[in-house]
Amino acid sequence: MPLARNIAIAQIGWIALIFVNLPLAPTLAIVAVLVAFEMIGPFSAEHRHGPTPWHPHHIAERYSLLVIIALGEVVLGTILTISAGVQENQWTVDAALLAVAVAAVAAGATLAWGLLIVAASPAVLVVGYEAGGWRRKQELVARVSAAAV
């Protein structure tokens, strides 16, 4: 229950921040406080009540779905980038080079994300979970990086 309360308070804070029109500095300060508050919730709950139960197959599925969504965004971004270049310049050598470059980056990202899907197998997740918190944080950084590309 304390974790749910913490998340609810944080979400109310995020929603309130949407409607408050503050200058940049106070907004960044509030964002920092909300991020810290949201991160402290799971940390304190796990230390008070023990580790959070989890199911490796469910987590692997969630990771894979995140990668699929990110892949869809890459495809959409590739199409929109090529369309914008062609619309402005017609099909010139520059537009063709842009299309090839963007497709190459998308292909490289696809291969990297494919490796992330393999790394999200339940057996790998169990080993990572048993290795401790840092391995779990590495997984989080890998997934967030994939989504950020």
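In which helix is Asn6 found? Asn6 is found in helix H1, where helices are DSSP runs of H or I of at least four residues, strands are E runs of at least two, and both are numbered from the N terminus. The model is predicted, so local features need pLDDT of at least 70 and side-chain atom pairs count only at pLDDT 80 or more, while totals for chains, interfaces and linings use all residues. Residues are numbered from 1 along each chain as its sequence is written, and side-chain values use heavy atoms, with hydrogens and water left out.

**The chain**

The secondary structure comes to six helices and zero strands, and the order from the N terminus is α-α-α-α-α-α. Of the 149 residues in the chain, 21% are buried. Buried means under 20% relative accessible area, exposed means over 50%, and partly exposed lies in between, with a 1.4 Å probe and protein chains only. Contact means heavy atoms within 4.5 Å. Among contacts between residues at least 6 apart in sequence, 70% join residues at least 24 apart.

**Helices H1 and H2**

Two packed helices are described by the angle between their axes and the distance between the axes. For H1 (residues 2-19) and H2 (residues 24-49), the axes come within 9 Å and cross at roughly 170°. Axes are lines fitted to C-alpha atoms, for helices over the stretch in contact, and angles run from 0 to 180 degrees between N-to-C directions. H1 and H2 are therefore roughly antiparallel to each other; angles over 145 degrees count as such, those under 35 as roughly parallel, 65 to 115 as roughly perpendicular and the rest as oblique.

The residues of this contact divide into 13 nonpolar, six polar and two charged. Ala, Val, Leu, Ile, Met, Phe, Trp, Tyr, Cys and Pro count as nonpolar, Asp, Glu, Lys and Arg as charged, and the others, Gly among them, as polar. On the H1 side the contact includes Pro2, Ile9 and Trp14, and on the H2 side it includes Ile30, Phe37 and Arg48.

The end-to-end C-alpha distances are set beside the expected spans, taken as 1.5 Å times one less than the number of residues.

| Helix | Residues | C-alpha span | Expected span |
|---|---|---|---|
| H1 | 18 residues | 26 Å | 26 Å |

**Buried and exposed faces**

In H1, Asn6, Ala10, Gly13 and Leu17 are buried. They cover an arc of only 55° around the axis, which puts them on the same side of H1; the arc is that of the directions from the helix axis to the C-beta atoms. An α-helix has 3.6 residues a turn, so residues three or four places apart point the same way. Ile12, Ile18 and Phe19, on the other side of H1, are exposed.

What covers the buried residues of H1 includes H2. Asn6, at 11% relative accessibility, counts as buried. Not counting residues up to four places away in sequence, Asn6 touches Phe37, Glu38 and Gly41.

In H2, Leu34, Gly41 and Ala45 are buried, and the buried residues of H2 pack against H1. Gly50 follows H2 and has a positive phi, near 90°.

**Leu98**

Leu98 lies in helix H4 (residues 93-119) and is partly exposed, with a relative accessible area of 32%. Its C-alpha is 6.9 Å from that of Ile82, 16 residues apart in sequence. Leaving aside neighbours within four places in sequence, Leu98 is in contact with Thr81 and Gly85.
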